[in-house]
Amino acid sequence: MTELDIPCPRCGNKQSFCFHETINVREQPELKAQVMDGSIFDMTCAVCGKVSRIGYPLLYHDPDSCLMVFMVDPGNREMAIEAMHKLITVPEVQMAVEDYMIRAVSQPPHLAEKILLRDEKLDDRTVELMKLSLTAHVKERFGQEPDDIVLVKTDDLQFFVMRSPDGMPDLYRFYPKGYVDTAAKYQAFYPTDPEENLFIDDDWASAFLTPADMLQ
């Protein structure tokens with residue numbers, strides 16, 4: 001863990017903020033909830049009270065769920081690719097991570113989503129294809145695409161939270177049957193190469209399948 005003095009964007013007050021380069025939730029189980037709600041990335045100014053979201057690179061590791069997620073800068077995907085190759089090219093490490101889901105994201109909500117999907121035993125590739133289908137339907141109906149879609153869980157129900165261009169989020173129920181049908185149709189064609197599976201997001205889904213295909 002690293003501490004740096006960060007200025008508040010509102011009042012300029014500098015205060016110490018802790019950066020976690022690596023989080024192992026077997027050793028630090030209390031940090032999982034902070035990652036899930038995003039508070040681990042929040043700095044509250046001691047002077048004016050402003051809460052600022054500080055995104056920073058880290059590796060989230062859950063050895064019990066066989067999950068590793070790299071949080072990287074959106075413009076530096078090579079960092080995650082390089083780190084992943086170091087993991088899978090060392091023989092003793094390769095054996096240890098062969099059952100792992102290794103992913104990379106660039107936003108805290110997407111990190112929380114990957115953790116949720118692993119906990120729920122859902123394939124993120126299938127979920128991204130479901131999001132692509134939802135995006136296509138929303139665009140067809142309302143004439144605009146959402147800025148982002150993230151799967152969340154509340155009261156044992158799962159929802160797609162859609163952030164629209166006007167900034168107002170919308171909720172859409174996640175239906176298990178839709179997940180099963182999508183997986184049955186496409187999972188046989190999912191890539192097996194670790195690098196092709198590293199960034200599973202809307203860009204991956206768009207490259208895998210076009211929205212027009214999903215509407216058929």
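Modeller: Lysine 177 lies in helix H6; helices (H or I, at least four residues) and strands (E, at least two) are DSSP runs, numbered from the N terminus. The model is a predicted one, in which local features need pLDDT of at least 70, side-chain atom pairs count only at pLDDT 80 or more, and totals for chains, interfaces and linings use all residues. Residues are numbered from 1 along each chain as its sequence is written, and side-chain values use heavy atoms, with hydrogens and water left out.

With a relative accessible area of 58%, lysine 177 is exposed; buried means under 20%, exposed over 50%, and partly exposed in between, with a 1.4 Å probe and protein chains only.

Rings of Phe, Tyr and Trp (its six-membered ring) pair if their centres lie within 6.5 Å, and planes under 30 degrees apart count as stacked, over 60 as edge-to-face and the rest as tilted. By this rule the count comes to 10 aromatic pairs. One of them joins phenylalanine 160 and phenylalanine 174 edge-to-face, at 5.7 Å centre to centre and 65° between the planes. Phenylalanine 160 belongs to strand S10 (residues 157–163), whereas phenylalanine 174 sits in the loop between strand S11 (169–173) and helix H6 (176–186), so that the pair links distant parts of the chain, 14 residues apart. Both of these phenylalanines are buried.

Another pair is formed by phenylalanine 17 and phenylalanine 19: their ring centres are 5.1 Å apart and their planes stand at 80°, so this pair too is edge-to-face. Each of the two, phenylalanine 17 and phenylalanine 19, is buried. Through ring pairs, Phe17, Phe19, Phe41 and Tyr56 are linked into a cluster. Beyond its neighbours within four places in sequence, tyrosine 56 is in contact (heavy atoms within 4.5 Å) with Phe17, Cys18, Phe19, His20, Ile40, Phe41 and Met71.

In soluble globular proteins, nonpolar side chains tend to be buried together. A nonpolar core is a set of buried Ala, Val, Leu, Ile, Met, Phe, Trp, Tyr and Cys residues joined through side-chain atoms within 4.5 Å. The largest such core has 21 residues, of which Ile23, Tyr56, Leu58, Tyr60 and Leu111 touch the most other members. At least two residues each come from strand S2 (14–19), helix H1 (30–37), strand S6 (58–62), strand S7 (67–71), strand S8 (101–105) and helix H4 (108–119). S7 contributes the most, with 3 residues. A second, separate core has 13 residues, including Leu59, Val72, Met84 and Tyr100.

The backbone has its own points of interest. Most residues other than glycine have a negative phi, and most peptide bonds are trans. Cysteine 66, although not a glycine, has a positive phi of about 55°. Cysteine 66 is placed in the loop between S6 and S7 and is partly exposed, at 23% relative accessible area. Lysine 121, also not a glycine, has a positive phi of about 60°. Its place is in the loop between H4 and H5, and at 73% relative accessibility lysine 121 counts as exposed.

Threonine 135 counts as buried, at 16% relative accessibility, and, residues up to four places away in sequence aside, touches Glu145, Pro146 and Ile149.

There remains the open space. The largest pocket holds about 630 Å³. On a 1 Å grid over the protein atoms alone, a pocket is an open set of points where a 1.4 Å probe fits, with protein on both sides within 12 Å along at least five of seven lines, and lining residues have an atom within 4 Å of a point. Grid points are joined across faces, edges and corners, and a volume is the space filled by probe spheres set on the points. Among the 33 lining residues, Glu128, Asp148, Asp201, Asp202 and Asp203 are the closest to the centre of the pocket. H5 gives the most to this lining, with 7 residues.
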